[in-house]
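Take the model below and walk through it one piece at a time. Keep the viewer open and follow the names as they come.

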Amino acid sequence: MTTAPADVAPAGIGATARITAVPDGLGGTRLPVLESDGPLALRRTRGTGAYARVTVVGAMSAPLGGDRLAVEAGVRDGAALAVDSAAATVALPGRGGRHARYDVRLTAGADARLRWLPEPLISARGSDLRMITRVELAASARLVLREEQILGRYGEEPGTLTTRLTVHRAGRPLLDQELSYGPGAPGGWDGGAVLGGHRATGQLLVVNPDFELNPPETTLLGDNAVLAPLAGPAVLVTAVAADALQLRRVLDRALRTFG
Amino acid sequence: MHLDHSHDSAMAVSADAARPDGTKRALRIGLGGPVGSGKTATVAALCRALREELSIAVVTNDIYTREDAEFLLRNAVLPPERIQAVETGACPHTAIRDDISANLEAVEDLEDAVGPLDLILVESGGDNLTATFSKGLVDAQVFVIDVAGGDDIPRKGGPGVTTADLLVVNKTDLAPYVGSDLGRMARDAKAQRGELPVAFTSLTAENGVKPVADWVRTQLAAWSA
Amino acid sequence: MDTSTPDPAAPGAARTALLVLADGRFPAGGHAHSGGAEAAVKAGRIRDATDLAAFCRGRLHTTGLTSAALAAAAAAGVDALALDEAADARTPSPALRATARKLGRQLMRAARATWPCDALDALAAARPRGAHQPVVLGVTARAAGLGPEDAAHCVAYETVGGPATAVVRLLGLDPFEATAVLARLAPELDQVARRAAGAAHRALAEGTGTLPAASAPLLDITAEAHAAWPVRLFAS
């Protein structure tokens, strides 16, 4: 994990990194657009099969108060893209107490495949981050998406973290979920209805048109996680855990089955 | 309750005698009474006695979900698709009297799923002597008590004993062992109920449920008329 | 029986309608649902009034806000079927979707008997197995001459009232303590209702995507486990 120093300009930075994936005509995928920006450095890394793989290196760890970061990834019809990151993203406080914003905008066209599997987002003490992920899928697109929120570094009080994940499929809403934790969140976030004292929470979303005919059944993954079908051809794993390691263990189990 | 407003789609309101498609719905009979008096055993015996001549389904209202439904399933008195359990949030009398919406869903779901039906038995969770069924849910109700619960229950009265369309005094075979006076129970019931009928049953006897089954047939004849 | 439609212009008519609709005795099935409290009690997450307050507060600001905004939007006249779809997307738990539709159908029955109108008939016909309960509640509120904030208040109150009543039954918690928990939440209930109503007005212009989607991971997780319990007191 890398962290940026907290004494940057109070205004914060604005940066948008862009990826476009298209079929290469040979059964694989090429990346005509691969634009790093500011702290968001993208590297093409070794993929598997038809997938082009992009790793966000180091820089994903720097939303400071006042920053406005964005990543846009477009997977065109028939292409396959996998995106991961080299380290956890750590939300840190900036000067002036302003919140940071992190936008992720993903699109996948007909028969496109997108795997979005970044390392966890860690909400450090005093930070305030709003993360918004919007996904637009064609009806035949496939998606595997993981989000993990860790409240505070080891033994630390969490910052304020609000994440919203909105997924549309064929123009219709499939999943819309907002999570809000920490001192700036509305009350009760640590009570028995929301987190119940857990400090790690995460989701794994798998959208697969094949589920239309064969929807997976609801499966309990221990006491603190469940895999459940959504109202469309998708399953969502929802988990809470004591820490990042236990959370990843549960999500990986589901990823091996459905990913 | 019959509102002027038309409710021709999706569902009927409470006690409407017709289903949304205009056909007559099944007769609904409620069975209530204290814990352990033999409600579920009576329902099981009624199903066995009547299932050859009538199309029957059962709704149970357990205190704990599904216990009574599972008793009926284990004893195979009806196929599983004809038995539906309603959860009552620890208040079984609320589900049959004050807020009957879940039970109405259940009876309508059964008619949709396995209908046409002649008879739906709605069994309440074991409750106290004051629990009665709403007229919005059932057309007639049976109150089941037993001799072992004390031969003074008919004298004490209460809405169930006094107003039920049929009072069943069950476990008459136990009367000598628990010191209950059947004659006294019959006299007290008469005093409380006037002309309303009382049936004495021993479900352990061959065809012991016959008095209740005959009463159900009479109700059904009147309903179908 | 008088079946004339209530006159919303009559002084106090709407306020009384709000009391009728928000009354825990309104026969729409709520009494058999604990709002996740039964599972939380079993897991040891609710043991006393303090835990109950934290549970209710968390539920209020998550699914409470989301549901209140759906109801407010329906009361404001946003298309009920679009809201029903938005509710599906905001309810990842299949057990909670089933519960919401079941309660929606039960409320629909009570609403059509109480405030008969074409909008309720149309929604019942379009969703014969039940629309999401907050959507039905919003359409009902509109039929009863109530506004978006009234509908939001109703849902917000139900969000905390259900668990509080259930915990009284499950733990034998002092009912005065449980009621005090609700009373202390009143300012936050008002705030959630106002926020929901504001979101509803925005949804009228910008669509259902702008409505809140606040959710609670533990409620989603434990709802599935609870639905699989062989023995339970509450339906959800």
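The model is predicted, not experimental. Start with confidence in chain B. Its average pLDDT is 87, and 92% of its residues reach at least 70. One stretch stands apart. Across residues 1–12 of chain B, pLDDT stays under 50. The model still gives that stretch 32 contacts beyond four places in sequence.

Now the overall form of chain B. It holds nine helices and seven strands. Its C-alpha atoms fill a box of roughly 55 × 35 × 35 Å along the principal axes. How does the radius of gyration of chain B sit against that of a compact globule? A compact globule of 225 residues would have a value near 17 Å, and chain B has 17 Å, so the two agree. Of the contacts in chain B with a separation of 6 or more, 73% join residues 24 or more positions apart.

Next, go to strand β6(B). Is this strand mostly covered or mostly open? Mostly covered: five of its five residues are buried. In a regular strand, side chains alternate between the two faces of the sheet. Here, both faces are covered. Leu166(B), Val168(B) and Asn170(B) are buried on one side. Leu167(B) and Val169(B) are buried on the other.

The neighbours of β6(B) come next. Strand β5 of chain B, residues 140–146, is joined to β6(B) by five bridges, and the two run parallel. In that setting, Leu167(B) of β6(B) has Phe143(B) opposite. Strand β7 of chain B, residues 198–200, is also parallel to β6(B), with three bridges between them. There, Val169(B) has Phe200(B) of β7(B) as its bridge partner.

Follow the chain out of β6(B). Lys171(B) lies in the loop between β6 (166–170) and α7 (175–178) of chain B. Its phi is near 65°, a positive value in a residue other than glycine. Most residues other than glycine have a negative phi, and most peptide bonds are trans. Is Lys171(B) buried or exposed? It is buried, because 25 other C-beta atoms lie within 10 Å, and the cut-off is 20 or more.

Chain B has another backbone feature to inspect. The peptide bond from Gly115(B) to Pro116(B) is cis, with omega near 0°. Pro116(B) sits in the loop between α4 (101–114) and β4 (119–123) of chain B.

Toward the end of the chain is Lys210(B), in helix α9, residues 210–224. Lys210(B) is partly exposed, with 14 other C-beta atoms within 10 Å. Its C-alpha atom is separated by 20 Å from that of Gly36(B), 174 residues away along the chain.

Turn to chain A. Asp111(A) has a positive phi, near 55°, in a residue other than glycine. Its place is the loop between β8 (100–108) and β9 (113–117) of chain A. Asp111(A) is partly exposed, with 17 other C-beta atoms within 10 Å.

Finally, look between the chains. Two pairs of chains touch, and the pair with the most contacts is A and C. Chains A and B share no contact; their closest C-alpha atoms lie 19 Å apart.

At the A and C interface, 33 residues of chain A are in contact with 36 residues of chain C. Which elements of chain A give two or more residues to this side? They are β14 (172–181), β17 (225–229) and β18 (234–241). The largest share, nine residues, comes from β14(A). By type, the chain A side divides into 18 nonpolar, 11 polar and four charged residues.

Helix α4 of chain C, residues 80–89, is mostly covered, with seven of its 10 residues buried. Among them are Leu83(C), Asp84(C) and Asp88(C). The cover over the buried residues of α4(C) includes β14 of chain A. It also includes α3 (49–76), α5 (94–114), α6 (118–126) and α7 (133–143) of chain C.

Methods. Residues are numbered from 1 along each chain as its sequence is written. Chains are lettered from A and ligands numbered from 1 in the order in which they are written. This is a predicted model: local features need pLDDT of at least 70, side-chain atom pairs count only at pLDDT 80 or more; totals for chains, interfaces and linings use all residues. Helices (H or I, at least four residues) and strands (E, at least two) are DSSP runs, numbered from the N terminus. The radius of gyration is taken over C-alpha atoms; the globule rule is 2.2 Å times the number of residues to the power 0.38. Two residues are in contact if their C-beta atoms, placed from the backbone, lie within 7 Å. A residue is buried if 20 or more other C-beta atoms lie within 10 Å of its own, exposed if 12 or fewer, and partly exposed in between; C-beta atoms are placed from the backbone. Ala, Val, Leu, Ile, Met, Phe, Trp, Tyr, Cys and Pro count as nonpolar, Asp, Glu, Lys and Arg as charged, and the others, Gly among them, as polar. pLDDT is the predictor's confidence in each residue, from 0 to 100. Two strands pair if DSSP finds at least two bridges between them.
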